[in-house]
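Hi,

Here is the structure I promised to pass on.

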Amino acid sequence: MKRPSAPSTELSDVALVLNVDAVDGVVTGVSSDNREIEPGDLFIAIRGATVHAARFAADAVKAGAAAVLTDTEGAQIAGELGVPVLVVDDPARVAGLVASSCLGRPSESLTSFAVTGTNGKTSTAYMIDDILTKLGARTGLIGTVEVRIAGETVPAALTTPQPVDLQQMLALLVERGGSHLVMETSSHALAQGRTRPIHFDVAGFTNLTQDHLDYHKTFEEYYRAKATLFDEEYSSRGVIIVDDEWGRRLFEETKALRPDAVVSLSVAGNDADWQVMAADRENTAGGPGGHFTVEGPGGRLETFTALPGDFNIANAALAAVMVIESGTDVDTLSEVLKDSGISPQVPGRMQVVGQRPYTVVDFAHNTDALVKAMVAVRGKGSGKLIVLTGAAGDRDRGKRPMMAAAVAQYADMAVITDDDPHSEDPAKIRREMIAGIPQGFSYVEIGDRERAITDTVLGAAPDDIILIAGRGHETIQDVAGTAVAIDDRVVARRALARRMEEE
Ligand SMILES: CC(=O)N[C@H]1[C@@H](OP(=O)(O)OP(=O)(O)OC[C@H]2O[C@@H](n3ccc(=O)[nH]c3=O)[C@H](O)[C@@H]2O)O[C@H](CO)[C@@H](O)[C@@H]1O[C@H](C)C(=O)N[C@@H](C)C(=O)N[C@H](CCC(=O)O)C(=O)O
Ligand SMILES: Nc1ncnc2c1ncn2[C@@H]1O[C@H](COP(=O)(O)OP(=O)(O)OP(=O)(O)O)[C@@H](O)[C@H]1O
């Protein structure tokens with residue numbers, strides 16, 4: 001993605017923002033990676049988990065960096081550079097702030113939405129973007145699948161970009177006349193303060209179930225990271241789904257501190273400011289989703305989503321209430337959603353790739369998401385429900401047997417295959433999953449994912465339902481450092497076409 005144009009910034013102004021001693025000089029851009037330095041940039045050298053970027057400071061200066069911002073350790077590692085060096089305690093936590101001030105504080109010109117939770121961030125973010133676009137907004141959408149900045153789309157590297165990259169995306173959005181920002185905020189990003197200093201107009205919470213315990217260590221720590229988004233420093237208003245215990249706790253804690261800044265939403269009939277009632281599940285124009293009514297302090301909206309599964313009604317309702325809470329009138333919303341409802345195309349999320357056998361590719365890669373996806377597709381065929389799943393290496397090991405046990409509980413057959421093994425032995429990951437399958441349940445183990453998908457599609461009966469879970473939109477599998485190209489949707493479609501030819 002192209003760089004936004006940046007105004008010249010006096011280093012004394014940067015020093016002022018950071019509350020450190022002033023230095024002379026001017027910068028005309030900012031980067032936290034020496035490989036991306038352009039002449040005139042401020043190089044922000046951060047200690048990462050693997051390396052201190054100060055090791056690359058000399059290279060950055062060679063590439064044209066006009067100044068360096070780092071910590072005391074970084075200044076020592078970098079040595080004499082011949083350009084001004086600003087020293088702060090924690091450059092990672094101020095990187096966003098510095099980038100923002102060098103780029104004209106872009107977030108202040110945008111109406112911004114952030115979604116957090118274990119599952120549903122991407123789907124909800126696409127839905128907010130869909131609504132805003134129908135309302136005539138020029139949007140930026142930043143999340144796991146892709147980054148879309150006022151019309152230009154690039155694949156995403158992270159769910160929530162690193163602070164400097166993020167500020168550059170916002171500056172580009174403003175430069176292109178963007179008015180609204182919608183983004184996913186991962187727990188990693190919140191723990192690392194990647195979104196600072198963005199002050200979101202509306203933050204939304206979907207749900208919290210087990211995931212990422214390799215990074216956060218305890219559920220409490222995971223919850224705390226997510227809860228940060230609802231702090232005064234991070235957002236003006238919050239909309240929280242209170243249908244799990246973590247949502248209820250988050251709502252109560254936020255309400256106690258900021259009574260007027262948060263509203264609750266329930267899809268399950270729990271006590272809440274906004275109530276959702278689902279109806280006519282199969283009668284949705286344009287798809288298998290559902291009609292619903294959402295009613296609360298801002299009025300009553302009747303609409304629908306064409307995306308399958310009850311959980312997508314929850315996501316759509318959250319998206320609608322977030323837009324209403326940003327100040328949009330319900331009648332206006334009702335009018336723009338009249339024909340197509342809240343029905344964006346969300347790549348790799350409950351994406352139907354074939355009808356006989358009914359075949360769905362979904363990103364479900366934790367127990368709760370798998371259960372929801374299985375329940376959503378259960379009635380789509382009269383035959384067996386076959387679920388193909390694996391688990392990623394170097395990530396939360398605890399969830400592996402739980403995921404397989406859930407498949408055994410809700411499906412008729414499991415195909416245990418590889419996800420992204422990363423540096424782990426894939427056979428060991430599969431064994432850990434299989435340990436969760438109870439005696440007597442029917443499963444096959446096929447490590448090679450392409451073969452697993454192909455064999456499953458070719459072997460299924462026409463009335464069976466196939467759920468290919470775990471990788472959704474992803475197109476690269478990381479096997480011991482080697483990038484293997486595989487897109488579940490392409491492989492499944494190819495096998496479905498072969499089936500048709502052979503029939
Ligand atoms: C834990 C974490 O968030 N790590 C991120 C972090 O890595 P790190 O701290 O190890 O960075 P590092 O490689 O040591 O580099 C340190 C600094 O040196 C710089 N550098 C590095 C090499 C070089 O040649 N030149 C250079 O300037 C880097 O730009 C960086 O600023 O900075 C790296 C560079 O920006 C990221 O790629 C890396 O994300 C890793 C890949 C990652 O997997 N993060 C995941 C866990 C993550 O954040 N995931 C969440 C979503 C999870 C979900 O919901 O599924 C996300 O928001 O995506
Ligand atoms: N509200 C929800 N509740 C439970 N499961 C959901 C919900 N929404 C989506 N899912 C399931 O979770 C999977 C991931 O959905 P989505 O990509 O929208 O979430 P995410 O929070 O962005 O995930 P990730 O953090 O892993 O990127 C979907 O493929 C679907 O199976």
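How far is an oxygen atom of ligand 1 from a polar backbone atom of Thr160? The gap is 3.1 Å, and keep in mind that this is a predicted model.

On its own the ligand has 1000 Å² of accessible area, and the protein covers 69% of that.

Stepping back to the whole shell, there are 21 residues around ligand 1, with Asn34, Thr50, Thr159, Ser186 and Arg194 coming nearest. Sorted by class, that shell has eleven polar, seven nonpolar and three charged residues. Both domain 1 (9-103) and domain 2 (106-338) contribute to the shell, with at least three residues from each.

On the annotation side, the unreviewed UniProt entry marks residues 27-90 as "domain: Mur ligase N-terminal catalytic". In the model, that stretch is 23% strand and 20% helix, and its end C-alpha atoms are 20 Å apart.

One more thing, on the aromatics. The structure has three aromatic pairs. One of them is Phe219 with Tyr222, an edge-to-face pair at 5.9 Å centre to centre and 65° between the planes. Phe219 and Tyr222 both belong to helix α9 (residues 219-227), where they are three residues apart, about one turn of the helix.

Cheers

Terms used
Residues numbered from 1 in each chain as written. Chains lettered and ligands numbered in written order. Predicted model: local features only at pLDDT ≥ 70, side-chain atom pairs only at ≥ 80, totals over all residues. Heavy atoms only, no water. Near = heavy atom within 4 Å. Polar contact = N/O pair within 3.5 Å; in protein donor to acceptor, adjacent residues only side chain to side chain. Areas by Shrake-Rupley, 256 points an atom, 1.4 Å probe, with all protein chains shown as cover. Nonpolar A, V, L, I, M, F, W, Y, C, P; charged D, E, K, R; others polar. Domains from an automatic or database assignment. UniProt positions renumbered as here; feature names shortened; annotations may be inferred. Helix = DSSP H or I, 4+ residues; strand = E, 2+ residues; numbered from the N terminus. Phe/Tyr/Trp six-rings, centres within 6.5 Å; stacked < 30°, edge-to-face > 60°.
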